[in-house]
Amino acid sequence: MTTAIRPQPGIMDIALYQGGASKIEGQASPLKLSSNENPFGASPKAMAAVTEAAMGLHRYPSTDHKPLREAIGRVHGLSADRIICGVGSDEILTLLAMAFAGPGDEVLYTEHGFSLYRIFALSAGATPVVAPETDRCVDVDALIAKITQATRLIYIANPANPTGTALDMAELTRLADAVPDSCLLVLDGAYAEFFNGYDGGASLVTARDNVVMTRTFSKLYGLGGLRVGWGYASRDIIDVLNRIRGPFNMSSVALSGAEAAVNDRQFVATCLQENAEQRARLIGGLRQLGIACDDSQANFVMARFADEAEALAADAHLKSAGILVRLVKGYGFPEALRITVGRAEDVTRVLDALASFKGAA
C-alpha cells in the first residue's frame, strides 16, 4: 500500500474469497450447481413471512432475536439462551476468531478445509496452522498432533466442504477429548442436516464448555440470499460473542423468513428425502462412468477425474451444455469438480452431459 495508513498485520495476506460461478456467456438461464444451494428454493411459508415483514422496513429489527432463537431451540431441543444468530454462519465464525484469537495465537484447521478459516485467522492477527487430511477425510490424529499451547481455535467442517466426507460422533468425541480447556473446538455444521442421524455436534456442545456448533439457513433452508446463521455454545461464550456483534446485525426480513423456514418441517423433510435420493443417483452414475467420488454426507458430490486437464475439459463440456459446477483447485483438488445435488431432472442432465464427455474423450 502507498498510503501511510496500514491495516493490521495479516490482513494483506488474505486472498479474496471466490464464490461459485453464476453465469455462462451466451447462456440465458444456466443450471447452477456451483454453490450448493437448495434446488427447490425456499419454503413457501418463509417467502410469505418475508413478504409480510417487508411491510415494516421502516422499523428497526429486534436486537435479541428471541423469536428465532426460541424456534431453533424448539426444533433442535436446545436452550434458546445458548443460541446466537448472525449474518450467515460466517459471522459467528468470524466473531469467534475476533473474540478468542489474536497475535501470538494459532488457529488450526485441515488442509482442504473451508477457505474462510484462513481468512478468519489472519483477520484476527493470529497464525493459521494446517493439519493434513487422509484420503480426503479429516484426520483426528493429525489434528491432535498440531495442537500446541498457542492453539486457541480449531475449525472443523462436518460434513466437510468440498469433499462431502464426515467424521462420526466417536471420532468427534475423541478429538474433543484431546482439546485443552484453553482452546475452542468449532464444529461448522453448514451441511449437518444432510448427514443422517448427526446432531451437528449439539450433544458435545451441551456437555462441554469449549465446543461450539454453527449452522446455516443458506443450504437446506434455501435462504442464502437472506444471510442467516446461528451458533450454539456455553452461556459464557454466547455472552462474549453478543458483546461484539452488531446489535442490529440481523434484518427483520431475515429474522422472519428464518423463523418461518425452521418451523416448516414438512418442507425440510421433503428436501432431505429428495437430496438423499438424488445424491445416491449422482454418486452411482458418476462411478458407472468411471469417475471417482467419495460417499457424500452433504448436498454435493466431489467428482475426481484423472488429472487437472481432464477436470478442466469436463468443466468446459458441462458449460457448453449450460451446466455450472465448481472447480475446487483452490481447495487442493485440481483434478476435481464439486457438483451440487439438484432435482431429479438436474442429475439426469449432469450425468447425460458427462456420459457425452466421456464418450467423446
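The model is predicted: local features need pLDDT of at least 70, side-chain atom pairs count only at pLDDT 80 or more, and totals for chains, interfaces and linings use all residues. Residues are numbered from 1 along each chain as its sequence is written, and side-chain values use heavy atoms, with hydrogens and water left out.

**Overall build**

The protein has twelve helices and 13 strands. These are DSSP runs, numbered from the N terminus: helices are H or I with at least four residues, strands are E with at least two. The radius of gyration is 21 Å, close to the 21 Å that the globule rule gives for 361 residues, so the protein is as compact as a globular protein of that length. That radius is taken over C-alpha atoms, and the rule is 2.2 Å times the number of residues to the power 0.38. The C-alpha trace spans about 60 × 50 × 50 Å along its principal axes.

Buried residues make up 51% of the 361. Buried means under 20% relative accessible area, exposed over 50%, and partly exposed in between (1.4 Å probe, protein chains only). Take the contacts (heavy atoms within 4.5 Å) between residues at least 6 apart in sequence: 73% of them join residues at least 24 apart.

**Helix H4**

Helix H4 covers residues 116-123. Six of its eight residues are buried, so H4 is largely enclosed by the rest of the structure. They are Leu116, Tyr117, Ile119, Phe120, Ala121 and Leu122. The cover includes the elements below.

| Element | Residues |
|---|---|
| Helix H3 | 88-100 |
| Strand E3 | 106-110 |
| Strand E4 | 127-131 |
| Strand E5 | 151-157 |
| Strand E6 | 184-188 |

Gly125 follows H4, and its phi is positive, near 85°.

**Two buried loop residues**

His65 sits in the loop between helix H1 (44-53) and helix H2 (66-76). Its relative accessibility is 2%, so His65 counts as buried. Leaving aside neighbours within four places in sequence, His65 contacts Cys85, Arg245, Asn249, Met250 and Leu255. With Asn249 there is a side-chain to side-chain polar contact of 3.2 Å. A polar contact is a pair of N or O atoms within 3.5 Å; within protein, one must be able to donate a hydrogen and the other to accept it, and residues adjacent in sequence count only if both atoms are side-chain atoms. The C-alpha atoms of His65 and Pro247 are 9.8 Å apart, although 182 residues separate the two along the chain.

Asn36 lies in the loop between strand E1 (31-32) and H1. At 0% relative accessibility, Asn36 counts as buried. Beyond four places in sequence, Asn36 touches Asn161, Tyr191, Lys219, Asn299, Phe300, Arg338 and Thr340.
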